[in-house]
Amino acid sequence: MSVATNTTTTVATPVAAKPLIIGGLTAAIVAGAATAAVAAAGELAGISLAVGGAPIPASGFAVLTVVFSVVGLVLALVLARWAGRPRTVFVRTTIVLTALSLVPDVLVDASAATKMLLMLTHVV
């Protein structure tokens, strides 16, 4: 008598690093430009970019976006190498980190419109 078993084996397929790096760096540059554009558009619409009395230049949004996008790229590379389901882990991690990035925007010393603009740039 034979017993049939239904087992599924998941094999992690290694992700090539070069396309991930090229795509990640391209996305970082596009995201930097997008956040700077959103900040500049908000400023043109009359929303102050001053936080705690100090203005944030639109270029500052681009720089920080690129820096943290590169951090995200490093995270993606690490997960691609060692996680069983890297895409799922990456998406869940970035959703949590994006939500956490909104907390300082709520607490900062700025107008409500500025806080909303800051939160919008984090989501962009």
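Modeller: Thr121 is buried, with a relative accessible area of 6%. This is a predicted model, where local features need pLDDT of at least 70, side-chain atom pairs count only at pLDDT 80 or more, and totals for chains, interfaces and linings use all residues. Residues are numbered from 1 along each chain as its sequence is written, and side-chain values use heavy atoms, with hydrogens and water left out.

Biologist: Why is Thr121 called buried?

Modeller: Buried means under 20% relative accessible area, exposed over 50%, and partly exposed in between, with a 1.4 Å probe and protein chains only. Thr121 has 6%, so Thr121 is buried.

Biologist: Where does Thr121 lie, and which residues does Thr121 touch?

Modeller: Thr121 lies in helix α4. Helices (H or I, at least four residues) and strands (E, at least two) are DSSP runs, numbered from the N terminus. Not counting residues up to four places away in sequence, Thr121 touches Thr35, Val38, Ala39 and Phe61. Contact means heavy atoms within 4.5 Å.

Biologist: What makes Leu117 count as buried?

Modeller: Leu117 has 5% relative accessibility, and the cut-off is under 20%, so Leu117 counts as buried. Leu117 is also placed in helix α4. Leaving aside neighbours within four places in sequence, Leu117 contacts Val38, Ala39, Gly42, Ile47 and Leu49.

Biologist: What makes a group of residues a nonpolar core?

Modeller: A nonpolar core is a set of buried Ala, Val, Leu, Ile, Met, Phe, Trp, Tyr and Cys residues joined through side-chain atoms within 4.5 Å. Here the largest one has six residues: Ala39, Leu49, Ala58, Phe61, Leu117 and Leu118. Helices α2 (58–82) and α4 (112–123) each supply at least two residues of this core. In soluble globular proteins, nonpolar side chains tend to be buried together.

Biologist: Which residues does Leu118 contact?

Modeller: Neighbours within four places in sequence aside, Leu118 is in contact with Val51, Ile56, Phe61, Asp105 and Val108.

Biologist: Why are α1 and α4 called roughly antiparallel?

Modeller: Helix α1 (residues 17–44) and α4 pack at about 160°, with axes 9 Å apart. Axes are lines fitted to C-alpha atoms, for helices over the stretch in contact, and angles run from 0 to 180 degrees between N-to-C directions. Under 35 degrees counts as roughly parallel, over 145 as roughly antiparallel, 65 to 115 as roughly perpendicular, and the rest as oblique. So α1 is roughly antiparallel to α4. The contact is made by Thr35, Val38, Ala39 and Gly42 of α1 and Leu117, Leu120 and Thr121 of α4.

Biologist: What makes α3 and α4 roughly antiparallel?

Modeller: The axes of α3 (residues 86–107) and α4 come within 9 Å and cross at roughly 160°. The cut-off is over 145 degrees, so α3 and α4 are roughly antiparallel to each other. Thr98, Ser101, Leu102, Asp105 and Val106 in α3 meet Lys115, Leu118, Met119 and His122 in α4.

Biologist: How many helices and strands does the protein chain have?

Modeller: The protein chain has four helices and two strands. Along the sequence, the pattern is α-β-β-α-α-α. Of its 124 residues, 21% count as buried.
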